[in-house]
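The following note is meant for a colleague who meets this structure for the first time. Its points are numbered and may be read in order.

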Amino acid sequence: MTILAMQTEAQVVELSILCEENYRVRLNCEELAQQILPGQFFMLRKPGGSDPLLGRPFALYDTVLDETGRAVGIDVGFHVVGKMTGIMQKLSPGETLELWGPLGNGFPAIQTDHLIQVAGGIGYTPFVATSREVLMQKKYGTDSERCRIQAEKASLIYGVREKRFCADMSDLSDINGLDIQLCTEDGTAGHHGLVTDLLQPMLTNDSNESKIVFTCGPIRMMQAVAQLCEKYNTECWVSLETPMACGFGACFSCVVPTKQTEGEWDYRRSCLEGPVFSGSEIFWEQM
Ligand SMILES: Cc1cc2nc3c(=O)[nH]c(=O)nc-3n(C[C@H](O)[C@H](O)[C@H](O)COP(=O)(O)OP(=O)(O)OC[C@H]3O[C@@H](n4cnc5c(N)ncnc54)[C@H](O)[C@@H]3O)c2cc1C
Ligand code: FES
């Protein structure tokens, strides 16, 4: 079923801190919450003004359910990097944000033994919902689209620069069965090193289990993950965080170079044909 993106004003319910410079804002927006799928995104903008002029894209962190189990709102996890996230960091309950979505393709329907999710920094935000979906804790979207992501087990490899940027994992730690492996570049928590150090043994273990990798984070991290997956012949899907102006295919500000047949390449709009692409489809050297 095709769902059209809606534009609405969403009311802020609460703002909480995830870790240094990272926050979670809860928004009331029932219609979007009932349709959005893990890996899809929406655009947020301050209503009634032109500063900032353009909306900014954010991934679904999770849906919020009422006491009857109906989706009535969404959570947005964000890292303060600029103008809009600077505004969001100061939101109070009752204020509103202009929102349009759901947008983009979301993670694909897959079936595998082991789903390995690899996140860098704030790139872990889409994996709260994917982890809940794959471990059957929660359903997303309309009935016809439910439980698109299926696996016997799920892991999350999560890398940050240093411990103080490591998000409060309580939103993930109640997901029964999710294997979480942390690494820091400076060794202040978890494995001292990069996400690829932890991914490699998972891709090369002797088990006969099938594996699929989802990844989101800094572009060079995703490139390294995609290249490692290619080396070990493992399907890999990357969720790109390309800057976007409109979010629905009209402005071409979000194009990414993708490989075409016979060595050619061409641009694809990340907001429309993405933000999730096959890792082998991206022309990484041109990114
Ligand atoms: C599909 C998708 C999903 C996303 N999901 C999330 C999410 O869940 N959470 C999240 O936090 N982010 C997410 N992002 C990224 C987010 O949209 C961007 O970080 C967004 O630009 C933040 O808006 P901003 O106005 O705060 O930053 P902007 O003002 O747009 O700044 C963006 C970048 O430019 C730099 N910059 C800004 N001003 C200057 C300056 N004067 N000089 C030099 N550099 C400057 C900033 O440091 C920053 O790196 C997502 C992106 C996409 C495409
Ligand atoms: S953001 Fe406008 S075309 Fe993609």
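In which sense do strand 12 and strand 13 pair, and over how many bridges?

1. Basis of the note. This is a predicted model, in which local features need pLDDT of at least 70 and side-chain atom pairs count only at pLDDT 80 or more, while totals for chains, interfaces and linings use all residues. Residues are numbered from 1 along each chain as its sequence is written, and chains are lettered from A and ligands numbered from 1 in the order in which they are written.

2. Domains. The domain assignment (bounds from an automatic or database assignment) gives domain 1 (6-103) and domain 2 (110-241). Their centres, taken over C-alpha atoms, are separated by 23 Å. The contact between them takes 17 residues from domain 1 and 20 residues from domain 2; two residues are in contact if their C-beta atoms, placed from the backbone, lie within 7 Å. On the domain 1 side, strand 1 (6-19), strand 5 (62-65) and strand 6 (71-79) each supply at least two residues, and the largest share, three residues, comes from strand 6.

3. Strand 12 (residues 211-216) and strand 13 (residues 235-239) pair in the parallel sense over five bridges, and Thr-215 stands opposite Val-238 in strand 13. Strands here are DSSP runs (E, at least two residues) and helices likewise (H or I, at least four), numbered from the N terminus; two strands pair if DSSP finds at least two bridges between them. The open sheet to which they belong has seven strands in the order 11-10-9-8-12-13-16, with mixed pairing. Strand 11 (191-192) and strand 16 (276-278) stand at its edges, each with a single partner strand, so one side of each is left without a neighbour in the sheet.

4. Helix 3 (residues 126-134) is largely enclosed by the rest of the structure, because nine of its nine residues are buried. A residue is buried if 20 or more other C-beta atoms, placed from the backbone, lie within 10 Å of its own, exposed if 12 or fewer, and partly exposed in between. Helix 3 is followed by Met-136, whose phi is positive, near 55°.

5. Another open sheet has seven strands in the order 4-3-7-1-2-6-5, with antiparallel pairing. Its edge strands are strand 4 (56-59) and strand 5, and the twist averages 40° from one strand to the next. Strand 3 (residues 41-45) and strand 4 pair over four bridges, where Phe-42 stands opposite Phe-58.

6. A buried arginine. Arg-24 lies in strand 2 (residues 22-28) and counts as buried because it has 20 C-beta neighbours inside 10 Å. Its contacts beyond four places in sequence include Ser-16, Tyr-61 and Asp-75.

7. The core. The largest nonpolar core has 74 residues, and Leu-199 and Val-225 have the most contacts inside it. Such a core is a set of buried Ala, Val, Leu, Ile, Met, Phe, Trp, Tyr and Cys residues joined through C-beta atoms within 7 Å. Its largest share, seven residues, comes from strand 9 (residues 149-160). Among the residues that Leu-199 touches are Ile-116, Ile-157 and Val-225.

Terms used. Axes are lines fitted to C-alpha atoms, for helices over the stretch in contact, and angles run from 0 to 180 degrees between N-to-C directions.
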